[in-house]
Amino acid sequence: LRVEKALAFDPLTGTLTWTASFGRRVWKREALALSKWMGLDDSGAQAVRGLRIFISPPSTGVPMSARAALSRFCRVGPIPGQIAALVEVELGPDGGLKRLRTPTFQSAVRWLVSELVFHARNNPHLHDTVAAFTGFTPPDDHEQIV
């Protein structure tokens, strides 16, 4: 497991990337874990939206701000070079999990602070207060820093 963790860690982005094959080796009850991940009950029927809410958020009845918040928590699609969400999932052509990437705790906190300061940019008082409290000011172009 230590070797796998060392292989999963990327010090440049401060992330851990796990392949589906590693998940199958670690999770002895892969089918159950996948069912829960996809929001299925014990019979295989759709119980909750699970990962599907991130794959295709509802286009009606959900405010754009809620859809944006969902995408910052969990992003489904090709995994970019820099952190784009707290959980990033890449699916294969069959819809199955190909890769899963999460930031380390330290990188996640820095990313969240960066997002907070970035979103406070339109309110100078709030921006300055958050930046002073956290001691962190992201570059103007919102480049990710880990």
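This is a predicted model: local features need pLDDT of at least 70, side-chain atom pairs count only at pLDDT 80 or more; totals for chains, interfaces and linings use all residues.
**Entry 1: an exposed phenylalanine**

I started with phenylalanine 105, which counts as exposed because its relative accessibility is 71%. For these labels I use relative accessible area with a 1.4 Å probe and protein chains only: buried is under 20%, exposed is over 50%, and partly exposed is in between. Phenylalanine 105 sits in helix H6.

**Entry 2: what I am looking at**

Residues are numbered from 1 along each chain as its sequence is written, and side-chain values use heavy atoms, with hydrogens and water left out.

I checked the confidence next, as pLDDT (the predictor's confidence in each residue, from 0 to 100). The mean pLDDT of the protein is 75, and 73% of its residues reach 70 or more. Confidence is lowest in helix H3 (residues 30-38), with a mean of 62, and highest in S1, at 88.

**Entry 3: the parts list**

I found seven helices and five strands in the protein. Both are DSSP runs numbered from the N terminus: helices are H or I with at least four residues, strands are E with at least two. Of the 146 residues in the protein, 28% are buried.

**Entry 4: the sheet**

In what order do the strands of the open sheet stand? I read S1-S2-S5-S4-S3, five strands with mixed pairing. Strand S1 (9-10) and S3 are at the edges with a single partner strand each, so one side of each has no neighbour in the sheet. Two strands pair if DSSP finds at least two bridges between them.

**Entry 5: strand S4**

Is S4 mostly covered or uncovered? Strand S4 (residues 87-91) is mostly covered, with four of its five residues buried.

I then went through its partners. With strand S3 (residues 74-76), S4 pairs in the parallel sense over three bridges. Here cysteine 74 has valine 87 in S4 as its bridge partner. With strand S5 (residues 97-103), S4 runs antiparallel, joined by four bridges. On that side I noted that leucine 91 stands opposite leucine 97 in S5, and glutamate 90 stands opposite arginine 99 in S5. A reminder for reading such pairs: in a regular strand the side chains alternate between the two faces of the sheet.

The hairpin of S4 and S5 has five residues between the strands, and glycine 95 in this hairpin takes a positive phi near 85°.

**Entry 6: a helix across the strands**

I looked at helix H5 (residues 64-73) and saw that it lies across S3 and S4, running at about 85° to S3. The angle is between N-to-C directions on a scale from 0 to 180 degrees, with axes fitted to C-alpha atoms, for helices over the stretch in contact. Contact means heavy atoms within 4.5 Å.

**Entry 7: back to H6**

Last, I picked valine 109, in helix H6 (residues 105-119). Valine 109 is partly exposed because its relative accessible area is 38%. From valine 109 to leucine 86 I get 9.7 Å, C-alpha to C-alpha, across 23 residues in sequence.
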